[in-house]
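Work through these exercises with the model open beside you. Try each task before reading its solution.

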Amino acid sequence: MSRPPGKKTSYMSLWREFLLYNSTARRFGLNQRLGKLGGMNVSTVFPEGYVENDRVQHHASSVPKGDEEMPEEQRKRRMKEFVGLEEVTKLDFLVMLIAEILGTFLLVLIGCASCISWIVTMPPNVLHIAFTFGLAVASLAQALGPISGCHVNPAVSFGLLISGNCSLLKTICYIVCQCCGAIAGSAILKLIIPKTQASHGLGVTALHPDVTAGQGLGMEIIITFLLVLVVHAVTDPKRTDAKGWAPLAIGLTISVAHMAAVPITGSSMNPARSLGPAVVDDKYVNLWVYWIGPLVGGGIAGLVYRMGLKANKEDDEGSYDF
C-alpha cells in the first residue's frame with residue numbers, strides 16, 4: 001500500500017528534526033559534563049560550520065583570564081606610565097626637582113659637617129655621625145616628603161623604579177638633581193668652615209685600611225637594602241599601621257646603619273652623598289663601591305618588596321608591568 005506524497009514528506013521532516021535534536025542534546029550534555037570536570041570548553045567536538053578561525057577564538061576564550069595576553073591599549077598605557085613622559089613635562093615636576101636638589105644639598109651639608117674633626121685628639125664619634133644623618137633625613141622627609149617624596153638618594157629612587165613606584169624619566173631626573181645638590185652642599189660646606197678644618201676632608205666616605213673593596217661593597221649592599229626596604233614598607237599606601245611614622249622610621253634606619261657601618265665603609269648607602277665630597281675634595285678612591293653597592297642593594301630591596309612583601313599583591317594598578 002503506497003503512502004500519500006504529502007504524508008511521506010511529513011514523516012521525513014519529523015525524522016530529520018529528531019536526529020538534529022538528538023545530536024544537539026548529546027553535544028550539549030558532553031560540553032556540560034566536561035565543563036563541570038575541567039572548567040573548559042570542548043574543542044574536539046565541532047558543530048556544523050565550525051571553521052578554523054572560530055576554533056582559535058573558542059580556544060582563546062577558554063584560557064584563564066590571568067593567562068590572557070594583555071590588550072594592546074593596556075600595554076601601551078603601562079609603557080607610558082613606566083616611561084613617565086607626561087609626568088615630567090608638567091610644571092609641578094619642576095618644583096619636585098627643586099625639592100630634591102634642596103633636600104640633598106641640606107643632607108650633605110649638615111651630615112658631612114658632623115664628620116669634620118675640630119679637635120685633632122677628639123674626632124667625631126660614630127654615635128654623633130649616625131644621629132646627625134638620621135635626624136637630618138627624618139627632618140627633610142617631614143618637610144619635603146609631600147612635595148617630591150624626599151628621595152634625596154639615587155639608591156632610593158632606583159629601588160622605587162624597580163618596584164614600580166617611580167617612572168624611568170622621573171628616576172633619571174631625580175638622580176641628576178640629587179648629584180647636583182650633593183656637590184653644591186659640599187662646596188658650600190667648604191666655603192663656610194675654616195681652611196684648616198677643610199684641609200682634613202669634607203666627610204669623604206672611605207674604606208677602613210683593613211677592609212677590602214669587596215667587603216665594603218657587601219656592606220654597602222646590605223645597609224642600603226635595609227634602608228630601601230624600610231622606605232617601601234612605611235610608604236606603602238595599603239599599610240595603615242605605618243601612617244605618620246615614615247620619617248622617624250627612615251631616620252632611625254639610617255642611624256642604626258651608620259652605627260654599624262661607619263667604621264667599615266663610612267656608611268654611605270647614598271651615591272650622591274659620596275659623590276659630593278669626592279668631587280669637591282678631588283678624591284675618587286673606591287668611589288665605584290659607593291655607587292654600585294647602594295644601587296644593587298636598593299634594586300634588590302625594590303624587587304623583594306614587590307615580589308613578596310607588599311601589603312596587597314593582588315592589586316597591581318600602580319605597577320608598570322608590561
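**Exercise 1. Find how the axes of helix H12 and helix H13 are arranged, and which residues make the contact.**

Step 1. Locate helix H12 at residues 271–281 and helix H13 at residues 289–309. Helices here are DSSP runs (H or I, at least four residues), and strands are E runs of at least two, numbered from the N terminus.

Step 2. Take the axes, which are lines fitted to C-alpha atoms over the stretch in contact, with angles from 0 to 180 degrees between N-to-C directions. The axes of H12 and H13 come within 8 Å and cross at roughly 170 degrees.

Step 3. H12 and H13 are therefore roughly antiparallel, a term for angles over 145 degrees.

Step 4. List the contact (heavy atoms within 4.5 Å). H12 gives Pro-271, Ser-274 and Leu-275, while H13 gives Tyr-290, Trp-291, Pro-294 and Leu-295.

Step 5. Sort by class: six nonpolar, one polar and no charged residues. Nonpolar covers Ala, Val, Leu, Ile, Met, Phe, Trp, Tyr, Cys and Pro; charged covers Asp, Glu, Lys and Arg; the others, Gly among them, are polar.

The model is predicted: local features need pLDDT of at least 70, side-chain atom pairs count only at pLDDT 80 or more, and totals for chains, interfaces and linings use all residues. Residues are numbered from 1 along each chain as its sequence is written, and side-chain values use heavy atoms, without hydrogens and water.

**Exercise 2. Decide whether Gly-297 is buried or exposed, and find its contacts.**

Step 1. Check its relative accessible area: 0%, so Gly-297 is buried. Buried means under 20%, exposed over 50%, and partly exposed in between (1.4 Å probe, protein chains only).

Step 2. Leave aside neighbours within four places in sequence; Gly-297 then contacts Ile-221, Thr-224 and Phe-225.

Step 3. Compare C-alpha positions: Gly-297 and Leu-217 are 80 residues apart along the chain, with their C-alpha atoms separated by 9.7 Å.

**Exercise 3. Work out how many residues of helix H7 are buried, and what covers them.**

Step 1. Go to residues 154–162: seven of the nine residues in H7 are buried.

Step 2. Name the buried residues: Pro-154, Ala-155, Val-156, Ser-157, Gly-159, Leu-160 and Leu-161.

Step 3. Look for the cover. It includes helix H3 (72–83), helix H8 (168–192), helix H10 (213–234), H12 and H13.

**Exercise 4. Describe the protein as a whole.**

Step 1. Count the elements: 13 helices and zero strands.

Step 2. Take the burial: 39% of the 322 residues count as buried.

Step 3. Take contacts with a separation of 6 or more: residues 24 or more positions apart account for 73% of them.

Methods. Parallel < 35°, antiparallel > 145°, perpendicular 65-115°, else oblique.
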